[in-house]
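Could you walk me through this model in my viewer, one selection at a time? I would like to know what to click on next and what I will find there.

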Amino acid sequence: MIANAARRRAPLAVLLDRQSVFAWLMMALPLAFLAALVGYPFFYGILLSLQDRPVAHVGTFIGLKNFQTDLHDPIFWQVAINTFVYTGVATALKMVGGLCLALAMNQHFRMKNLVRALLLLPFIVPTVLSTVAWLWMLDPAFSVVNRLLVALGWPKPGPSWLGDPTLAMVSIIIINTWRGLPFYGITLLAGLQTVPPELYEAAAIDGAGGWHRFRLITLPLLRPIILIVTLFSVIFTFADFQLVYVLTHGGPQNATQLFATYAFDIAMGAGQLGLGASVALAMLPALALLIVALTIYLRRD
Amino acid sequence: MTKRVTNHPTTRRGFLNLAAAGTVAALSRPAPAAAAEKTITILHESSFIKPFDEYVVNTLAPAYEKETGIKINYEVTSVGSLPTRISTIAETGSGADIAMNGLLQVIQFGEKYLDVGDIAGDIGEAQGGWYDAGREAVLVEGKWKAIPFSNIGQLMNWRTDWFAEVGVKKFPETWEELHEVGKKLKAKDHPFGFELGHGFGDNHGWLYPLLWSYGGAEVAPDGKTVVIDSDETARAVDFCREFFKDTMLDDVLGWTDVSNNKAWMAEQISCTNNAESILWFAKREFPEIGKVTDQAMNPAGPKGRFHLLNSISHSIFSFSPVLEEARAFMRWLMEPKQLGGWYAIADSYYQPLLHGYDNAPMWSVEPRNLPYRDALTSVHLPGWPAPASRQLAESVAKYVVIDMFAKACAGASTKDVIKSAEAQLKGIYRSA
C-alpha cells in the first residue's frame with residue numbers, strides 16, 4: 001500500500017522538490033526580466049554602435065568607425081573629462097558628507113525619526129522638479145545666494161552660476177551632492193547601527209578617545225558598506241542625465257556636457273543612433289574597471 | 001477525494017488550477033466586433049499658446065467628425081520631446097498617422113513620410129502660392145515630404161520706454177547701431193539679454209542670422225565644402241564678442257529658452273531675440289510691461305538682413321493604415337476656413353507660409369506682430385546656403401555655430417573658435 005502511494009506521486013512533483021531545480025525555476029522569471037529589459041537593450045546598443053544608423057533608415061555595418069569618430073571629436077574628450085570630474089568630486093563630497101550625516105543621525109535626540117525622514121527628501125523628490133527649483137535659485141536675478149553675496153559686498157548681480165563654465169560645473173556638483181547625500185546618509189546610518197555598542201564600551205574602558213574609536217572601530221566595520229554605496233553612487237552619477245538636461249542642457253559651451261546628455265543629443269537631436277550609442281558605450285570601460293577594482297577590494301576583506 | 005484536492009482553492013494546487021482555468025476562459029472569449037469607426041492620430045508638440053491646441057480638440061476635431069464620421073485623436077507631446085517621439089513612431093512603424101515637424105524632422109524622417117506634392121501644389125495654387133521658405137522647409141530631393149504650416153519667427157523684442165530714455169524711437173537698422181544703443185542702456189542698468197546657451201530656439205534665432213548677415217556660412221551650397229573659416233565669419237565672431245561684452249548680462253552664456261522670457265517679465269533686460277511669446281504673455285499677465293514691449297526685424301549686417309526659418313509642417317507617415325483618410329483630412333485642414341481659424345486663434349505666433357494670408361485680418365489684431373510677417377522673405381534654415389541634410393541636423397544638435405560664438409564671448413580667440421568649429425564641421429560632413 002505504501003509502495004503504491006509512493007509510485008502515485010507525479011514525477012513533476014519529485015523533480016520540483018529538488019532544491020537546485022526549484023531554485024532555478026524561481027530565478028527564471030527575474031532572469032527573463034533582466035534579459036529582456038537590460039540584456040537585450042545592452043546588446044542591441046553594442047550592435048547599433050557598430051553601425052552607421054540614421055534614425056528611420058536601415059543601418060550599415062561600419063565596424064569601429066563610430067568609436068574612431070568619437071576619439072577625434074574634441075567635444076567627446078571634453079565630455080569625458082567633465083564626467084570624471086563630476087563623478088569624482090560629487091562622490092567624494094557625498095561620501096564624507098554622508099558619513100558625517102550618518103554619525104550625527106546616530107545620536108539620540110528628540111524628533112530623531114522626523115529629522116531622519118525629512119533628510120531623505122532631496123533623494124525622493126523627482127530630480128526634474130528639484131532641478132527646476134534649483135534653476136530659479138541659480139538665476140542671478142532671483143537667487144537667494146546672490147542676494148546674500150551682493151548684500152555682503154559682491155558686485156551686482158553676483159556670480160553667474162550657470163553662465164560661467166567653471167561655476168556651472170560647481171553648480172551641478174553641488175546639486176548632485178545635495179540630491180545624493182541622503183542615499184549615503186541613510187545607508188551608512190543603517191551600517192552604523194549594526195556596530196555592537198560593546199565594542200565602543202570596551203574601547204572607552206581602554207582609554208580610546210572619540211577619534212580613535214571612530215578610526216579603529218567604526219571605519220573598518222563600515223568599509224564594506226561604504227564601498228557598496230560608493231559603487232552604486234558612482235554608477236548613477238556617471239550616467240546622470242536629468243540634472244544636466246534640465247539645468248543647462250550641457251552648456252555653457254559644453255562645460256557641463258556628460259556622456260549621457262551628449263549621447264542623447266547625438267542620437268535624438270541629430271538622429272545618429274549609431275554614433276550616439278558609441279558615446280553611451282564609452283562609459284562602459286571606465287565603469288567596468290571601477291566595479292572590478294571595488295569588488296576585488298571588497299573580496300580581499 | 002482526488003477531485004477535491006485538485007480543484008479546491010485553499011490548496012496550492014487547487015488555486016493554481018483555478019487561476020489557469022480562469023485565464024484560459026478569459027482569453028478565449030470572442031473578441032468584440034471590430035470598431036467600424038476610423039481614427040486618425042495627429043502628433044503635435046505642446047504649443048506655447050494654449051488656445052491653439054484647444055482649438056483642435058474643441059473645434060476642428062468635432063467638426064471633422066460631424067462631417068465625415070472619422071475621429072481625430074490629437075496627441076500632444078511636451079516641448080523638446082518631439083524629435084524623440086517621432087523617432088519612436090518612425091522606428092516602430094506605429095503610434096501616429098500625421099506628425100508635426102520642427103525644422104529638422106522633415107530631412108531626418110523624409111524616408112518615412114509620404115510624398116504630398118499633389119496636396120501641397122493644390123493648396124499653393126488655391127491660396128496665393130507658397131513662400132520660398134515653405135519650399136525650403138519641406139523639399140527633400142525635390143519631393144514635398146511635408147505640407148508647410150508656418151514659421152515661428154524669432155525676432156527682436158525691445159523695451160520702447162528704455163530705448164526712448166536714450167533717445168531711440170525706432171529700432172536700430174544695423175547690428176552696429178544696436179550695439180551703440182546697448183552700450184548706453186547697459187550703463188543705465190538695462191542690459192540686453194540674448195541667449196548664448198544650449199536652448200532650442202532663442203539662440204539659433206539670432207546667431208545664424210548674425211553669421212549670415214556678415215556673409216559667413218558653415219558649408220557651401222554644394223552641401224560638402226566646409227567654408228566656415230573665412231574673414232566674414234571672423235568679423236561676425238568679433239562683433240558678437242564686443243556685443244556681448246558691452247551690452248549683455250554675463251549670465252546669458254548659460255541661458256536656455258525660458259531664461260529670456262523670465263528675465264523680460266522680471267524687467268532685467270531691454271532687448272532680446274524671441275518668438276511672439278513674450279508679447280503674448282506680457283499682454284495677459286504683465287500688462288504694464290506689455291504696453292512698452294515692441295517687436296522688430298533683426299538688424300542688418302554688411303551682407304543683408306536675415307532671420308531663422310523655424311518651420312512647422314505636417315507629414316503623413318507612409319506606413320499609416322489610414323493613408324487615404326489622412327490625405328483627405330490634410331486637404332480639409334488646410335482649407336481657408338479651418339486654416340484661417342487655426343492661425344487666428346494663436347494671434348500670429350504661427351506665421352502662415354502662404355501669400356494668401358499676407359493681408360489676413362489676423363495681422364490687424366496686433367500691429368506689433370507685423371515684423372514677423374515681413375521677415376518671411378528673408379528666412380533660412382540653419383546650415384543655409386547648404387541644402388537641408390542629416391549633416392546639417394548633426395551640426396545643429398551639436399551646437400557647432402552656437403558654441404563658436406559663445407566660446408568667443410567667453411574669452412577664446414576668434415582664430416581658435418573658428419578652427420575648432422571647422423574641425424567639428426569637417427568631421428560631421430566627412431560622409432557628405
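Before you select anything, one term: two strands pair if DSSP finds at least two bridges between them. Helices (H or I, at least four residues) and strands (E, at least two) are DSSP runs, numbered from the N terminus.

This is a predicted model, in which local features need pLDDT of at least 70 and side-chain atom pairs count only at pLDDT 80 or more, while totals for chains, interfaces and linings use all residues. Residues are numbered from 1 along each chain as its sequence is written, and chains are lettered from A and ligands numbered from 1 in the order in which they are written.

**Stop 1**

Look for B:Trp158, which stands opposite B:Cys271 in β8(B).

Contact here means that the C-beta atoms of two residues, placed from the backbone, lie within 7 Å.

**Stop 1: the two domains of chain B**

Colour 39-152 + 310-369 as domain 1 and 155-308 + 380-431 as domain 2 of chain B; such bounds come from an automatic or database domain assignment. Their centres, taken over C-alpha atoms, are 28 Å apart. The contact takes 16 residues from domain 1 of chain B and 17 residues from domain 2 of chain B. On the domain 1 side, α5 (105-109) and α7 (132-138) of chain B each give two or more residues.

**Stop 2: where chain B meets chain A**

Bring chain A into view: 33 residues from chain B and 31 residues from chain A make the contact. Among the elements giving two or more residues on the chain B side are α4 (82-92) and α21 (414-428) of chain B. The largest share of that side, 5 residues, comes from α4(B).

**Last stop: confidence**

Colour by pLDDT, the predictor's confidence in each residue, from 0 to 100. Chain B averages 91, and 92% of its residues score at least 70. The model scores ipTM 0.86 and pTM 0.88.
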